[in-house]
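Trainee: Could you show me how to read the contacts in a model like this one? I would like the general idea first and then the case at hand.

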2 protein chains.
Amino acid sequence: MENFIKRIDAIGELSAESKAALLDAWEEWSVPKDHFLVRENSVAHHLFYIKKGIARIYYFKNGKEITEWIALDNQFFFSIISFFEQKPSNLIIHTLEASEVLGIHYDKLMALCDQYHDIERWFRKAITGSLILSQYRMDSIQFETAQQRYEKLLANYPTIVQRVPLSYIASFLGITQETLSRIRSQY
Amino acid sequence: MENFIKRIDAIGELSAESKAALLDAWEEWSVPKDHFLVRENSVAHHLFYIKKGIARIYYFKNGKEITEWIALDNQFFFSIISFFEQKPSNLIIHTLEASEVLGIHYDKLMALCDQYHDIERWFRKAITGSLILSQYRMDSIQFETAQQRYEKLLANYPTIVQRVPLSYIASFLGITQETLSRIRSQY
DNA sequence: CGAATGATTTGATTATTGTCAAAAAATAAT
DNA sequence: ATTATTTTTTGACAATAATCAAATCATTCG
């Protein structure tokens, strides 16, 4: 639980009471490899945090799998559009390793935001962080070559190559697996 | 002021008191064409709303202008990273027509968020909208061809082509002006 | 172990867009 | 109105990555 609380604290300060209420709202699951946390065409009810393991967030577009995000140890992750709009989406969340996952239900989080002003602020800051990340990622997709994006990914997550199949990494980078394979052969 | 209030209301409900406080916090400027609302390497102190006119948000990257956003009538716009982190950025905001602009100062907005829980929630919802938009834009950049992106832009903002130079539109779409010119010649 | 299945690499070709250069068109200035 | 300046278009070519196909390489299972 240690790292999780650190991540919660890093987002924004909370009163003791609010923090206790927030921490209490998370459910915990231990799931095997190849488990679906969110299935296709369902509403994303939870915002997740991965304590241990790997989860892949992906969807089908014109019959092809598009990997939107790969969440490693100690990351928050969720299906942004489906979660906020509480509408079904084609987004799928699937574990690539046996994982320990925490999740908070949309209704519970909203209730906490209603009840505690500082949780509302905390969540506002969390979303702000997401938005900033999204801006950086957009810049990366638009202006960096496939090779630069791959090198950055390696620098940020050195273990990812050993733990995630090439095809998923390629699709996360927005390139084909053939292109990624050619980039790797250059080393 | 009519449309502005509609946009404020559309984001989220506010009590009469909060709404009055929020509305009171906006400053109003009438600026000529070619006016800089935010200069390079300065901190973005304001979140803006454009009542009338056009503003372009851009920055220099490797000596080239990159247009991050083009704000037309009745849109909110701001330099996301600089505003939230209150750090100087290379982002420039510049009017392309004589414009009427509203702006709220970062400190004032934060103070209102502290004071009124429902303004905090309102702002959280506003940022959520921004994040969702950002996700859709990322998808568009990654998977749509330049032509598809141009057609979408035309559908959403039919007047933009008459009001904004081609080179800015191209840079907003993430393509060169030569490519955009070739797309247009196909019609 | 050895076949079968799945993942990755390699090869050949094509499509899209970028780059650099110059021409043409549009706009502004004298 | 004519010149000057800016903007847009066109042309030739190069670069990046996609597509389709086949060949390796690795892993799993009987």
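Mentor: Let's start with a salt bridge, meaning a side-chain nitrogen of Lys or Arg within 4 Å of a carboxyl oxygen of Asp or Glu. In this predicted model, Arg124(A) and Glu120(B) form one through their side chains, at 2.6 Å from N to O. Between chain B and chain A the count is eight salt bridges.

Trainee: Before we go on, what conventions apply to the numbering and the values?

Mentor: Residues are numbered from 1 along each chain as its sequence is written, while chains are lettered from A and ligands numbered from 1 in the order in which they are written. Because this is a predicted model, local features need pLDDT of at least 70 and side-chain atom pairs count only at pLDDT 80 or more, whereas totals for chains, interfaces and linings use all residues; side-chain values use heavy atoms, with hydrogens and water left out.

Trainee: How many residue pairs are in polar contact across the interface of chain B and chain A?

Mentor: A polar contact is a pair of N or O atoms within 3.5 Å; within protein, one must be able to donate a hydrogen and the other to accept it, and residues adjacent in sequence count only if both atoms are side-chain atoms. By that rule, 17 residue pairs are found across the interface of chain B and chain A, both residues at pLDDT 80 or more.

Trainee: Which element gives the most to the side of chain B that touches chain A?

Mentor: Helices (H or I, at least four residues) and strands (E, at least two) are DSSP runs, numbered from the N terminus. H5(B) gives the most to that side of chain B, with 19 residues. The residues there divide into 18 nonpolar, nine polar and nine charged. In this scheme Ala, Val, Leu, Ile, Met, Phe, Trp, Tyr, Cys and Pro count as nonpolar, Asp, Glu, Lys and Arg as charged, and the others, Gly among them, as polar.

Trainee: What area is buried between chain B and chain A?

Mentor: The size of an interface is often given as the accessible area lost when the parts come together. Here about 3,300 Å² is buried between chain B and chain A, and carbon and sulfur atoms give 64% of it. The figure is the accessible area (1.4 Å probe) that two parts lose on being put together, summed over both. With contact meaning heavy atoms within 4.5 Å, chain B and chain A each bring 36 residues.

Trainee: Now the DNA. How many residues surround DNA strand C?

Mentor: A residue is near a strand if one of its heavy atoms lies within 4 Å of it. DNA strand C is surrounded by 18 residues, and Gln177(A), Arg182(A), Ala146(B), Glu178(B) and Thr179(B) are the closest. H9(A) gives the most to this surface, with six residues.
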